[in-house]
Amino acid sequence: MIKGAIFDMDGLMFDSERLVYEIWQEMMDEQGFEYNLDIFKKTIGLRTDRAEQFYSELYGERFCYKPLKLRSRETFLKRIEKDGVPVKKGLYEILDFLKDNGIKTAVATSTSAQTALTLIKKAGVYDKFDSFVCGDDVKNGKPDPEVFLTAAQRINISPLQCAAFEDSINGIKSAHAAKMQTIMVPDLLPPTDEIKPMLSFLCTDLSLAVQFLQSQI
């Protein structure tokens, strides 16, 4: 029986990963580094320290990650301020369903609290959640299960009674390791053969998960 629902943010709640990729492509072109969508995809779901390690191994010592990360965040927030938060299809519907059925909700994201809470508030869904766990709240990033386990603890629901909503491969691995029901709504990354056995439900937008939840509550 599902009593809690825990959501990833980027690529799942918000169509933010495409915008982040566009910004990184612009910066890398400017810096003269070879870059493409396939490289960006390898960083999806990674916390800042692991992303920095990935880029350092790929480009070597001459690559300075932290200034570019800061610049990308500033550019991202400016564009969000100008154009609004790109909300994924079905988000409002599923959050309303969960609240109507007394299911506790939390966010479990690798993004920093400062950025994550800014987006969540601008999208008008802050009051829809009971708790938030962000990248700077945990020691270990996805695919480690810490962020999902922490979220379950904060809403006082057993992980075995939680559904985890994810779009990324590392996110699904994290939620599966936490022993949660996993619902995948793919964004830039389709499910791989490795993670398909880990999925409880696969759908193309969040509202389609309502039918699955109805069978579990």
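1. Is Phe-165 buried or exposed? Phe-165 is buried, because its relative accessible area is 0%, where buried means under 20% relative accessible area, exposed means over 50%, and partly exposed covers what is in between (1.4 Å probe, protein chains only). Before going further, please keep in mind that this is a predicted model, in which local features need pLDDT of at least 70 and side-chain atom pairs count only at pLDDT 80 or more, while totals for chains, interfaces and linings use all residues. Residues are numbered from 1 along each chain as its sequence is written, and side-chain values use heavy atoms, with hydrogens and water left out.

2. Rings of Phe, Tyr and Trp (its six-membered ring) pair if their centres lie within 6.5 Å, and planes under 30 degrees apart count as stacked, over 60 as edge-to-face and the rest as tilted. Phe-7 and Phe-165 have ring centres 4.4 Å apart and planes at 5 degrees, so this pair is stacked. Helices (H or I, at least four residues) and strands (E, at least two) are DSSP runs, numbered from the N terminus. Phe-7 also counts as buried, because its relative accessibility is 0%.

3. A second pair to look at is Tyr-21 with Tyr-35, which is stacked because the ring centres are 6.4 Å apart and the planes are at 25 degrees. Tyr-21 belongs to helix H1 (residues 17-31), whereas Tyr-35 belongs to the loop between H1 and helix H2 (37-41), 14 residues apart. Tyr-21 counts as buried at 19% relative accessibility, and Tyr-35 is buried with a relative accessible area of 8%. Both of these residues take part in a cluster linked by ring pairs, which also holds Trp-24, Phe-33, Phe-40, Phe-54, Tyr-55, Tyr-59, Phe-63 and Tyr-65.

4. Another ring has a charged neighbour: Lys-121 lies over the face of Tyr-126, at 5.2 Å from the ring centre. For this, a charge sits over a ring if NZ of Lys or CZ of Arg is within 6 Å of the ring centre and within 35 degrees of the ring normal.

5. The largest pocket holds about 770 Å³ of space, and it is lined by 35 residues, of which Asp-10, Leu-46, Thr-48, Lys-69 and Thr-111 lie nearest its centre. On a 1 Å grid over the protein atoms alone, a pocket is an open set of points where a 1.4 Å probe fits, with protein on both sides within 12 Å along at least five of seven lines, and lining residues have an atom within 4 Å of a point. Grid points are joined across faces, edges and corners, and the volume is the space filled by probe spheres set on the points. H1, helix H3 (48-59), helix H4 (65-83) and helix H6 (113-122) each supply at least two residues of this lining, and H4 gives the most, with seven residues.

6. Ser-110 is in the loop between strand S2 (104-108) and H6, and at 17% relative accessibility Ser-110 counts as buried. Not counting residues up to four places away in sequence, Ser-110 touches Gly-45, Leu-46, Arg-47, Gly-135 and Lys-142, where contact means heavy atoms within 4.5 Å. Pro-191 has its place in the loop between strand S5 (181-184) and strand S6 (201-202), and Pro-191 counts as buried at 19% relative accessibility.

7. Helix H4 holds both Leu-77 and Glu-81. Leu-77 is partly exposed, with a relative accessible area of 22%, whereas Glu-81 is exposed, with a relative accessible area of 55%. Leaving aside neighbours within four places in sequence, Leu-77 is in contact with Thr-115 and Thr-118.

8. The peptide bond from Lys-142 to Pro-143 is cis, with omega near 20 degrees, and Pro-143 is placed in the loop between strand S3 (131-133) and helix H7 (146-154). Asn-156 has phi near 60 degrees, a positive value in a residue other than glycine, and Asn-156 is exposed, with a relative accessible area of 66%.
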